Amino acid sequence: MTFRQFVSAKYTGTGVVIVGSTSSNVTSTTATSGSGLTYALQIVVNPVSYAQWNSAVPTETLSEWQIHGIKRLKKVLSLPENWDSYGSPPPTVAAANTAMEILTRTTIEYFTAPRVVPISGGGLQLEWEIGSRGLELEILDDGSVEYLTTESGEPFQEAPLRLMDDVSTLFLWLLSSGSMQVAA
């Protein structure tokens with residue numbers, strides 16, 4: 001595939017500005033927003049390859065914890081091949097898209113940003129701990145999700161996550177530990 005050498009686009013009214021350039025099968029993109037979220041990345045157009053990002057998000061509609069979560073995700077997505085010295089690839093596009101969907105579709109305003117860690121084989125894990133409860137969302141390289149809840153450090157429940165709406169139920173369970181103060 002051949003693309004034009006330089007492409008530039010501005011999206012006004014959404015809080016996001018995207019400027020990009022393309023050559024061959026790699027697109028370089030820089031996005032900034034009014035909320036201070038800035039990322040620069042390469043998007044690999046070849047679907048067989050890995051990519052660090054493949055979309056822009058209007059951050060003005062996101063809460064502070066979501067923006068911090070996206071920033072943490074961005075750092076993990078920049079990992080090179082063999083990041084774990086066992087030949088593991090960086091997180092896949094499917095895993096990154098699922099993580100972004102989880103972070104951006106959640107409607108809870110006051111929450112805590114997740115810990116974002118890579119998983120060997122191209123996956124990601126999002127982790128939260130509030131009081132005595134913990135939640136781990138393991139996003140596999142194909143974008144599917146499994147979860148583990150813990151209470152007082154002991155496993156409580158573990159299963160595949162079938163619907164993205166189930167994430168909100170898990171977040172509410174995590175918040176019901178009563179140890180998090182919610183600002184009005």
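Glu127 counts as buried, at 18% relative accessibility. Here buried means under 20% relative accessible area, exposed over 50%, and partly exposed in between (1.4 Å probe, protein chains only). The model is predicted, so local features need pLDDT of at least 70 and side-chain atom pairs count only at pLDDT 80 or more, while totals for chains, interfaces and linings use all residues. Residues are numbered from 1 along each chain as its sequence is written, and side-chain values use heavy atoms, with hydrogens and water left out.

Glu127 forms a salt bridge with Arg115, the closest N and O atoms being 2.7 Å apart. This pair links distant parts of the chain: Arg115 lies in strand E5 and Glu127 in strand E6, twelve residues apart. A salt bridge is a side-chain nitrogen of Lys or Arg within 4 Å of a carboxyl oxygen of Asp or Glu. Helices (H or I, at least four residues) and strands (E, at least two) are DSSP runs, numbered from the N terminus.

Strand E5 spans residues 115–119. E5 and E6 pair in the antiparallel sense over five bridges; strands pair if DSSP finds at least two bridges between them. Val116 has Leu126 of E6 as its bridge partner. The two strands form a hairpin with three residues between them. In the turn, Gly121 has a positive phi of about 95°.

The structure holds three salt bridges. Another joins the side chains of Glu151 and Arg133 (3.6 Å, N to O). This pair also links distant parts of the chain, with Glu151 in strand E8 and Arg133 in strand E7, 18 residues apart. Arg133 is buried, with a relative accessible area of 14%. Glu151 counts as partly exposed, at 27% relative accessibility.

Glu101 and Arg105 also form a salt bridge, their closest N and O atoms being 2.8 Å apart. About one helical turn separates these two residues, because they are four residues apart in helix H2. An α-helix has 3.6 residues a turn, so residues three or four places apart point the same way. Both partners are partly exposed: Glu101 has a relative accessible area of 31%, and Arg105 has 45%.

Helix H2 (residues 93–105) has 13 residues. From first C-alpha to last, H2 reaches 18 Å, close to the 18 Å expected at 1.5 Å a residue. The expected span is 1.5 Å times one less than the number of residues. Ala95, Ala96, Thr98, Ala99, Met100, Ile102 and Leu103 are buried in H2. These buried residues pack against helix H1 (64–77), strands E6 (123–130), E7 (133–139) and E8 (145–151), and helix H3 (165–175). Contact means heavy atoms within 4.5 Å.

Ile67 lies in H1. Ile67 is buried, with a relative accessible area of 9%. Ile67 and Leu103 are 36 residues apart in sequence and 8.5 Å apart in space, C-alpha to C-alpha.

In H3, the buried residues are Val167, Leu170, Phe171, Trp173, Leu174 and Leu175. Their cover includes H1, H2, E6, E7, E8 and strand E9 (154–161).

The largest nonpolar core has 32 residues. Among its members, Phe111, Leu124, Trp128, Leu137 and Phe171 touch the most others. H1, H2, E6, E7, E8 and H3 each supply at least two residues of this core. A nonpolar core is a set of buried Ala, Val, Leu, Ile, Met, Phe, Trp, Tyr and Cys residues joined through side-chain atoms within 4.5 Å.
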